[in-house]
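Visitor: Could you please take me through this model? I would like to begin with a single residue and then widen the view.

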Amino acid sequence: MTIREKWILEAGALSRRTLLRGGTLSAAAIGLLAGAPALFASRRADASAEQDVRILNTALAAEHEAVAAYQVGAESGLLKKDALDLAVQFQGQHKEHVELLTSTVRKLGGSPAGEKASYQFPVEKLKTQEDVLRFAAGLEKGAVSAYLGAIPILGSGDLAKAAASILGDEAMHWAVLRYVLGENPVPHAFVS
Amino acid sequence: MRGSAALLFLASTGLFAGGLVGAGAGSPSPEIAAGREIYERCGACHSLERDRVGPRHCSLFGRRAGSVPGFAYSEAMRNSDIVWNRQTLDAFLADPLGTVPGTFMTYAGIQDPKQRADLLAFLEIATRSEPCEPLSTGSAP
């Protein structure tokens, strides 16, 4: 068994444990903004809160799409069990991001972006497990860049911290997917 | 167009921005190759041929901002009165929120002029090549 195969098996076990925990927000997610009630109280009427809501809603729309994309991958029949477990685990974390962003937008007085009725995925080009994983890796890489571009324009340090926490998670997804694909998982010292 | 090598390269670039991006079959110019890599940053929200969180980029050049049929733009973008070309895209990519306040493209922008030039060099080719050709006819003004 290669190191990579062993790692995938361990990740799969973790994924199953994550699923057993249920669909509620993790303590870590709750804690991200739990200490910032003043942010919500003081910013609801703040003009910059409107921009923050737009930023978070754009991120939320992308997170909804990521959840749907992993669903397509999971239902494609192309993923072997270990890769499927990994995809389900990552999808579960995107769902947690959705929940955190949704509740935050609401607390800021906004209307959270919902999931679309349908998404346009290039399913006709997904023919192998590698195609699916490479597709997911591309989404994760883009997500890292999107959060990196959103953090500097968020109006509060608390929101930037929460966004950075999500960025870190999605960067890990990207790295793991690259590793499973046999690529250098961390090709650069900086992300862009 | 910058030659058949660039087109071959683009034809091999796969699905979403940052999606299934394979090795190029041809040898694109250095700026187009760099631009393609920069375009992968857009992959959470955009693709060439599909509307996603952001609108598709096929047939981008010459298109009026906010005009892809069926895409839910911000009011700010719909009313921006911008036609996308090298100059308007360069300004928007440098500072999306400053250029179109209220846009849903809530991104700090690409500050490096060279990176923007590379990205635009890529987009200028990619948005009128495969996979855009089959979907561009009649789908956007």
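Visitor: Is Gln129(A) buried, partly exposed or exposed?

Guide: Gln129(A) is partly exposed, because 19 other C-beta atoms lie within 10 Å. A residue is buried if 20 or more other C-beta atoms lie within 10 Å of its own, exposed if 12 or fewer, and partly exposed in between, with C-beta atoms placed from the backbone. Please note that this is a predicted model, in which local features need pLDDT of at least 70, side-chain atom pairs count only at pLDDT 80 or more, and totals for chains, interfaces and linings use all residues. Residues are numbered from 1 along each chain as its sequence is written, while chains are lettered from A and ligands numbered from 1 in the order in which they are written.

Visitor: Which residues does Gln129(A) touch?

Guide: Leaving out residues up to four places away in sequence, Gln129(A) touches Leu78(A), Leu79(A), Lys80(A) and Ala83(A). Two residues are in contact if their C-beta atoms, placed from the backbone, lie within 7 Å.

Visitor: And where does Gln129(A) lie?

Guide: Gln129(A) lies in helix H6 of chain A. Helices (H or I, at least four residues) and strands (E, at least two) are DSSP runs, numbered from the N terminus. From Gln129(A) to Gly157(A) there are 28 residues in sequence and 40 Å in space, C-alpha to C-alpha.

Visitor: How many helices and strands does chain A have?

Guide: Chain A has 7 helices and 0 strands. Of its 192 residues, 41% count as buried. Among the contacts in chain A with a separation of 6 or more, 80% join residues 24 or more positions apart.

Visitor: What are the corresponding figures for chain B?

Guide: Chain B also comes to 7 helices and 0 strands. Buried residues make up 46% of its 141 residues. Residues 24 or more positions apart account for 52% of the contacts in chain B with a separation of 6 or more.

Visitor: What is Ala59(A) in contact with?

Guide: Beyond its neighbours within four places in sequence, Ala59(A) is in contact with Leu101(A), Ala146(A), Tyr147(A) and Ala150(A).

Visitor: How many residues of each chain are in contact with the other?

Guide: 22 residues of chain B are in contact with 24 residues of chain A. On the chain B side, 13 are nonpolar, 4 polar and 5 charged. Ala, Val, Leu, Ile, Met, Phe, Trp, Tyr, Cys and Pro count as nonpolar, Asp, Glu, Lys and Arg as charged, and the others, Gly among them, as polar.

Visitor: Which residues of H6(B) are buried?

Guide: They include Arg116(B), Asp118(B), Leu119(B) and Phe122(B).

Visitor: Finally, what are the confidence scores?

Guide: The model scores ipTM 0.81 and pTM 0.83. Chain A averages a pLDDT (the predictor's confidence in each residue, from 0 to 100) of 86, and 76% of the residues score at least 70. Over residues 6–23 of chain A, pLDDT stays under 50. For chain B the mean pLDDT is 83, with 75% of its residues reaching 70 or more.
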